[in-house]
Amino acid sequence: MTGLDFHRHLNLQAKSPSERDAILANPGFVDHFTDHMVDICWSETGGWHRPRIQAYGPIELDPAAAVLHYGQEIFEGMKAFRHADGSIWTFRPDANARRLNASAVRMALPELPVEYFLDSLKALISVDAEWVPSSPDMSLYIRPFMFAKEAFLGVRPAKKVAYYVIAGPAGSYFKGGVAPVSIWLSEHYSRAGKGGTGAAKTGGNYAASLVAQNEAYANGCQQVLFLDSVEGKYLEELGGMNVVLVYKDGSIVTPLSDSILPGITRDSILQLAEERGHTVTRRPVSIDEWREGAANGDIVEAFACGTAAVVTPIGQVKAKDFTIGSADAEPGELTMSLRQELTDIQYGRREDTHGWMYRLDA
Ligand SMILES: *Cc1c(COP(=O)(O)O)cnc(C)c1O
């Protein structure tokens, strides 16, 4: 264990067991939050200090807090799973900790020691374990985040920063079974640029994606696909999920670019595929390659992946002047079997031979 000693201020208005059970019976997708949150302060002079567990609730911020003006903020997204014996586990949290720190470096925020990150997750579970659902396909979504809280309107990295962890129960992302989505090809807006913040998990990337997301909705699509900002030709990713294509010879290709967020779900899925003998290639993939490959039968499946929805089959891509695939396509066979293998590991239904699972309640 580390030197972090969390001060506990328990929530005196915590939900009763029956209120909590009512929420867990029908949680939606993080429509509710647990009773507590964790926070740790950082200052340039004092480093990380004052680790606390406190009641979930509003954060008091000075109106001049730098995050509100300049968006110096990063986050992570992960899940806690309850196994059949009642124990609580999360998936590859060391990878999330390292990615948080990579994001921190890019956004000029302080790095959080990996042990502090792991301890912060355990601290929250130590008080909110009852919030981890036990139904299959449900989980507790965990959202660690860090932001500039110094009250200062000058433009420079903040000297005071806060790190928080909040969580809320998540039902199955797809009500009524995993269904292929239609995605809109954004030809006008980019999500991230060369040398920009695309590889950092930072709110600004999401802010930049919303107008394109609205365009997707207006065109009857659930998600938006972005292309590279230089040539407008190569696949990047969706607003919050990575993209993977499957070829008819069983090989798998995923876009390579330094403005893509390196997803842990994608990394894990591709590792599972490689272990099954599939050739996995990370290289630039153009939208024309997808278009032609789907038309001539070379590309047989496509999916998006990320922690929230795990694996989402892509039925069709709609662009202003063309369409790839079809909205009522069946989910791909490999897509669904990789999804199953990954979720079986996460829920403890299959042996974790990679050491990916990390126990949070012990
Ligand atoms: C978080 C995120 C992903 C998926 O990453 P996972 O680690 O698989 O959850 C993909 N793209 C963006 C932009 C993201 O923010």
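Is D31 buried or exposed? D31 counts as exposed, because its relative accessibility is 53%, where exposed means over 50% relative accessible area, buried under 20% and partly exposed in between (1.4 Å probe, protein chains only). The legends below place this residue and others in their surroundings.

The model is predicted, so local features need pLDDT of at least 70 and side-chain atom pairs count only at pLDDT 80 or more, whereas totals for chains, interfaces and linings use all residues. Residues are numbered from 1 along each chain as its sequence is written, and side-chain values use heavy atoms, with hydrogens and water left out.

**Figure 1. Overall view of the chain.** The chain holds eight helices and 18 strands; these are DSSP runs numbered from the N terminus, helices being H or I of at least four residues and strands E of at least two. Its C-alpha trace spans about 60 × 50 × 35 Å along the principal axes. The radius of gyration is 21 Å, which agrees with the value near 21 Å that a compact globule of 362 residues would have; this radius is taken over C-alpha atoms, and the globule rule is 2.2 Å times the number of residues to the power 0.38. Of the 362 residues, 53% count as buried. Contact means heavy atoms within 4.5 Å, and among contacts between residues at least 6 apart in sequence, 71% join residues at least 24 apart.

**Figure 2. The largest nonpolar core.** A nonpolar core is a set of buried Ala, Val, Leu, Ile, Met, Phe, Trp, Tyr and Cys residues joined through side-chain atoms within 4.5 Å. The largest such core has 37 residues, of which W48, L112, F117, I142, M146 and Y163 touch the most other members. Among the elements that give two or more residues to this core are α1 (17–25), β3 (47–55), α3 (93–106), α4 (114–128) and β8 (160–170). The most comes from α4, with eight residues. In soluble globular proteins, nonpolar side chains tend to be buried together.

Figure 3. Leaving out residues up to four places away in sequence, Y163 touches V38, D39, I40, W48, L100, L112, F117, S120, P144, F145 and M146.

Figure 4. D31 belongs to the loop between α1 and β2. L12 sits in the loop between β1 (7–8) and α1, and it is exposed, with a relative accessible area of 82%. The C-alpha atoms of L12 and A55, 43 residues apart along the chain, are separated by 7.9 Å.

**Figure 5. V224 in its strand.** Strand β10 (residues 223–227) contains V224, which is buried at 0% relative accessible area. Beyond its neighbours within four places in sequence, V224 is in contact with W184, S186, A212, Q213, A216, E237, L238 and G239. Its C-alpha atom is 42 Å from that of L12.

Figure 6. R50, which is not a glycine, has a positive phi of about 55°. R50 lies in strand β3 and counts as partly exposed, at 44% relative accessibility. A108, also a residue other than glycine, has a positive phi near 55°. A108 is found in the loop between α3 and α4 and is partly exposed, with a relative accessible area of 38%.
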